[in-house]
Amino acid sequence: MTVANGYQLPDLILFVTSLLETGYNGDLVISLSDIKPETLAYFRYHKDRIILYDIGIRCRRFCQVDLYRDKNGSLLVDPRKKRQVAQLRFEIFWAWTQLYSSTTRVFFTDSRDVYFHRNPFENLPTMTTTLHVFEEPARVEQSLANSNWLRKTYPDLNMKDMYPRNIICSGTTLGGKPAMDMYARAMVHQFDVTQSTRLGGDQGHNNFLIHTNKLVGIPNITNITIHEKGRGLVNTVGLIAKLRGPLSEVGLLRNGTVWNSDGTISPVVHMFDRDQELKDIQHNRSLEELAKWNELLHQYSSS
């Protein structure tokens, strides 16, 4: 599931094609806004694989959403103040989870800077009440942005306790439907408590929930698996280039493939565009996929 507000086909074709090429055959649920004709044509072509929503996210610096209705089905005014789409998306994620059974496995993910080497659900056990979260390759104290998102959003938080902890990324979270339902609710609740409209505030909410154990013991979450940086299902590589150097120089990018530090191929790569070489590789791949799509459109129009 992804909320890709403001993005069009060139931004998303790598995300979509790389996932479908893994053999993934579940629902790919995407919310877009202001959809251009070429983008709509692509998603209509893949209508058997993709569920597309235009939910009505309205943004002018901050955003509101046409999501809520009364018992008669009439649209209600957004009850929350304008906020960042990165935070608002958790309300949409929560609404989507209500459409699935308790045995469904759910992945909330970013889109523009994500691509797949492998089906993210492959070989995963039953996880009804398990939540999977993914570390970034840095501690809170190594990132001024992450430190500020926590410190300014939670002024009373003991930052000395937070600084040595590894950053947990809010852009990728996976689990069983009951667990993901509660996680989405918790993220929405944190906005209601903090009223934070800072860009990146969702990252502060996410790290607060995980590192202060606010999700431990709540209904429908019996286990929280924290995937160690560079060793789990998702390899979030954004801070590696900044703190350690280019991925190829530290041995994590070889022959166009991103590897985990344990020697396995990274199933999901996040923040690939922070490394220039990897960004160039995937940009060229996106151009190739767009060319294939345009050729297919030309064949249809000529037939």
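Helix H7 (residues 201-211) is mostly covered, with eleven of its eleven residues buried; buried means under 20% relative accessible area, exposed over 50% and partly exposed in between, using a 1.4 Å probe and protein chains only. Please keep in mind that this is a predicted model, where local features need pLDDT of at least 70, side-chain atom pairs count only at pLDDT 80 or more, and totals for chains, interfaces and linings use all residues. Residues are numbered from 1 along each chain as its sequence is written, and side-chain values use heavy atoms, with hydrogens and water left out. Helices (H or I, at least four residues) and strands (E, at least two) are DSSP runs, numbered from the N terminus.

- The buried residues of H7 include Asp202, His205, Phe208, Leu209 and His211.
- H7 lies across S8, strand S9 (166-176) and S10, running at about 80 degrees to S9. Axes are lines fitted to C-alpha atoms, for helices over the stretch in contact, and angles run from 0 to 180 degrees between N-to-C directions.
- Just after H7, asparagine 213 adopts a positive phi of about 60 degrees.

**The four-stranded sheet**

- An open sheet of four strands has the order S6-S9-S8-S10, with mixed pairing; two strands pair if DSSP finds at least two bridges between them.
- Strand S6 (105-109) and strand S10 (223-227) are at the edges with a single partner strand each, so one side of each is left without a neighbour in the sheet.
- On average, neighbouring strands of this sheet are turned by 30 degrees against each other, direction ignored.
- Strand S8 (residues 130-139) and S10 run parallel and are joined by five bridges. Valine 133 has isoleucine 226 in S10 as its bridge partner.

**The three-stranded sheet**

- Three strands make up an open sheet in the order S7-S14-S11, again with mixed pairing.
- Its edge strands, strand S7 (114-116) and strand S11 (234-236), each pair on one side only.
- S11 runs parallel to strand S14 (residues 268-270), and three bridges join them. Threonine 236 finds its bridge partner in histidine 270 of S14.

**Helix pairs**

- Helix H2 (residues 37-45) packs with helix H9 (residues 276-302) at an angle of about 80 degrees, their axes being 12 Å apart. H2 is therefore roughly perpendicular to H9; angles under 35 degrees count as roughly parallel, over 145 as roughly antiparallel, 65 to 115 as roughly perpendicular and the rest as oblique.
- Glu38, Ala41, Tyr42 and Tyr45 of H2 make this contact with Trp293, Leu296 and Tyr300 of H9, where contact means heavy atoms within 4.5 Å.
- The axes of helix H3 (residues 85-97) and helix H6 (residues 177-194) come within 9 Å and cross at roughly 150 degrees.
- Among the residues that meet are Phe90 and Trp94 in H3, and Tyr183, Met187 and Phe191 in H6.

**A loop residue**

- Glutamine 142 sits in the loop between S8 and helix H4 (144-153).
- With a relative accessible area of 34%, glutamine 142 is partly exposed.
- Glutamine 142 and leucine 243 are 101 residues apart along the chain, and their C-alpha atoms are separated by 8.6 Å.
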